[in-house]
Amino acid sequence: MTAKLYQQNVYTRSWDARITSVTPHAKAESTARISDTARSASTGIAAASLRGDSSVGDSSVGDSSVGAAFDITLDQTAFFPEGGGQSCDLGMLGPYQVIDVQENGEEVIHTVQLPDGMDGSGAIGPVAEPPQEGMSVHCSLDWDRRFDNMQRHCGEHILSGIFYARCGGVNRGFHMGEDYMTIDISLEDDPTDPGTDRPASIDMDLALECEKRANQVVWSDAPVTVFRFEEREEAEKMPLRKALAFDEDISIVCVGSPENAADCVACCGTHPATAGQVGLIKIYKVENYKNMFRIYFEAGARALADYDHKHAILTDLSNGYSSSIDDFPDKLRAQEEKLAEVKDQLYHTKKALIGKECAALDAVLSGEAPASSQPLQDPADPLLLWPLENLSLDDAFDMAKRYMKKAPKLILLYAKQNTSFILVSAGDPKCGQLVREYASFYQGKGGGNDVSARAIFTSEENAMLFADLLGKHLR
Ligand SMILES: [Zn+2]
């Protein structure tokens with residue numbers, strides 16, 4: 001049986017222990033879970049998924065390029081095994097890196113990974129020998145990871161307790177993700193509390209009210225106490241917010257005194273000794289989820305990191321507008337209004353420009369105006385090439401709408417800035433077919449129907465060669 005130091009003193013970070021058993025790690029077993037943990041360890045951040053979420057499918061443990069792995073038990077350990085909604089601790093067990101910790105009955109199983117290249121015979125790398133029973137080892141936790149877990153986990157306790165007290169909401173699901181945590185609050189009827197003034201839903205206003213209350217609990221620095229009970233009957237005398245799932249060896253965690261608890265629930269996780277150590281609780285979002293309300297939030301150093309991140313974004317944006325953060329929304333709105341005005345002006349300018357181009361084109365088509373000396377503009381040509389200096393391909397398409405089905409011959413509207421054409425005709429010749437058959441000769445692409453098509457080229461030279469080819473083909 002392993003003595004569980006994390007139950008005796010949650011702040012134990014390093015200790016001496018004796019190895020009581022060593023077995024080669026069974027590679028096939030839960031490799032997804034272990035690789036998930038190992039990946040989190042490599043980034044120094046808490047495991048992404050805690051409660052039955054094994055979305056990571058690849059495995060590093062099964063990879064022959066890394067050293068052998070062993071399952072080790074100790075006479076005493078402060079490594080918290082995965083469970084109760086909290087991911088396991090990582091750290092060093094003697095010279096060996098701990099990549100996973102699981103509970104198996106009375107024992108805590110530490111999976112260690114030998115350094116790259118070691119096969120267990122101990123020839124390569126800084127580790128002189130593989131682990132052996134009876135060996136004395138000095139152990140140390142990755143404390144940043146553990147404390148991060150403690151802050152987040154305790155933050156979830158406090159917020160869940162507040163939602164329960166404020167609106168009878170029961171926490172039916174918990175996820176500790178890499179970017180945020182979520183709790184799923186169900187506003188179900190509670191037969192033990194026939195209170196009638198419960199809200200029918202949770203909106204952001206109510207969530208922020210609960211957030212404030214939760215932070216008031218943090219600021220009160222209420223004690224966080226773990227009460228252990230051998231029997232269910234005794235444990236049930238506590239003001240629990242959730243029915244017990246166990247009959248014996250029950251740990252009840254209370255934030256504040258049991259007489260006036262901010263939260264009181266069965267839990268085997270690790271918690272700081274006082275609520276103040278949670279630091280900060282911040283709710284980001286509320287959404288409907290399967291007849292429940294999913295609350296997105298963060299706690300502890302991560303909530304501060306999120307503040308830093310968002311503050312940096314806001315500072316950067318407001319600096320870009322030569323504004324203070326407070327004035328930034330007004331500046332942005334003013335800018336948006338200005339942009340709408342400019343868009344409106346641009347729309348009318350383009351409309352006028354298109355009208356002007358159409359008038360000039362109509363004059364050439366009808367013979368009222370003499371054809372210019374530009375290529376493919378002679379009335380004798382089977383097509384008319386019409387260059388557009390200041391209009392885009394989309395503008396050219398707007399212009400083409402006036403000639404679809406009624407152009408006296410094929411018109412090639414050439415948008416110079418895009419080095420591309422809109423073809424438009426009365427249906428003969430077939431515009432789409434011409435593009436499909438000839439554009440690719442000059443690295444062009446596009447398509448369309450009988451009366452209009454796009455032909456897109458990467459250079460003016462290729463575009464003009466295409467127009468020339470059409471002229472020859474249609475002659
Ligand atoms: Zn807990």
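Visitor: Where is Lys405 found?
Guide: This is a predicted model, in which local features need pLDDT of at least 70, side-chain atom pairs count only at pLDDT 80 or more, and totals for chains, interfaces and linings use all residues. Residues are numbered from 1 along each chain as its sequence is written. Helices (H or I, at least four residues) and strands (E, at least two) are DSSP runs, numbered from the N terminus. Lys405 lies in the loop between α8 (393–400) and β17 (410–415).

Visitor: Is Lys405 buried or exposed?
Guide: A residue is buried with 20 or more other C-beta atoms within 10 Å of its own, exposed with 12 or fewer, and partly exposed in between; C-beta atoms are placed from the backbone. Lys405 has 11 C-beta neighbours inside 10 Å, so Lys405 counts as exposed.

Visitor: What is the phi of Asp221?
Guide: Most residues other than glycine have a negative phi. Asp221 sits in the loop between α4 (204–219) and β11 (224–231). Asp221 is not a glycine, yet its phi is positive, at about 55 degrees.

Visitor: Which residue does a cis peptide bond join to Asp428?
Guide: Most peptide bonds are trans. Here omega is about 5 degrees. The cis bond joins Asp428 to Pro429.

Visitor: Which residues is Ser140 in contact with, leaving aside neighbours within four places in sequence?
Guide: Ser140 is in strand β8 (residues 136–141). Contact means C-beta atoms, placed from the backbone, within 7 Å. On that basis Ser140 is in contact with Arg13, Ser14, Gly91 and Met92.

Notes
Two residues are in contact if their C-beta atoms, placed from the backbone, lie within 7 Å.
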